[in-house]
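The sequence and structure come first.

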Amino acid sequence: MSTTLAPAELHARSADSTLVVDVRAPGEFAAGHVPGAVNVPAEHLDALLPDLREAAERRRIVVVCAAGQRSAAACAKLADAGVEAVGLAGGTQAWSADGLPVDTAARAGRGVWAMDRQVRFTAGSLVLLGLALGRRAPKGRLLAAGVASGLVYSGLSNTCGMAAMLGKLPFNRPEPGALDIARAALRS
């Protein structure tokens with residue numbers, strides 16, 4: 001059985017037989033997602049495992065993120081818990097690139113950047129800060145070196161500690177009651 005599904009394959013499937021679970025941060029989900037997707041941020045999968053297990057008995061679960069890395073990790077986590085799921089190849093980026101419809105969700109405040117953009121901005125800002133501090137105090141360059149080391153490790157391990165930390169910021173966390181809404185959607 002394939003571990004991924006192409007965007008066109010998912011688009012052709014019936015919503016009655018397929019459940020799309022988007023594991024991105026709420027702000028990313030609100031900016032644009034596969035129509036009918038349920039937002040279950042990756043860090044909350046464990047809390048909703050019983051509901052996901054029950055949903056998998058009725059429908060095929062397709063896990064989605066921006067490009068495919070987070071959904072692959074989520075699929076592995078679900079598989080370890082005995083829940084069968086496949087990822088969307090290329091994530092919402094591939095879905096949009098194929099010209100398929102994207103829904104947006106109303107969210108108070110200004111739009112939240114995609115997590116990869118948040119990471120690039122934060123990493124770049126910290127490197128510039130470290131270099132600027134290094135002009136006055138050479139030890140300030142250690143900040144830039146530390147961020148660079150983290151980016152290299154992130155590339156080698158296909159994990160991102162900075163994304164994990166940024167995910168804890170208020171605008172990246174689910175709004176109160178969002179997990180209850182996701183739980184209800186999984187049960188329907």
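Val 63 has Gly 87 in β5 as its bridge partner. The model is predicted: local features need pLDDT of at least 70, side-chain atom pairs count only at pLDDT 80 or more, and totals for chains, interfaces and linings use all residues. Residues are numbered from 1 along each chain as its sequence is written, and side-chain values use heavy atoms, with hydrogens and water left out.

**Sheet**
- Strands β4 (residues 60-64) and β5 (residues 85-88) are parallel and joined over three bridges; strands are DSSP E runs of at least two residues, helices H or I runs of at least four, numbered from the N terminus.
- The open sheet has five strands with parallel pairing, ordered β1-β5-β4-β2-β3, where pairing requires at least two DSSP bridges between two strands.
- β1 (4-5) and β3 (38-39) each have a single partner strand, so one side of each lacks a neighbour in the sheet.

**Cores**
- The largest nonpolar core has 20 residues, and Val 63 is among those with the most contacts inside it; such a core joins buried Ala, Val, Leu, Ile, Met, Phe, Trp, Tyr and Cys residues through side-chain atoms within 4.5 Å.
- β2 (18-22), α3 (49-58), β4, α4 (69-80) and α9 (178-187) each supply at least two residues of this core.
- A second, separate core of 12 residues includes Val 62 and Val 64.

How values were computed:
Buried means under 20% relative accessible area, exposed over 50%, partly exposed in between (1.4 Å probe, protein chains only).
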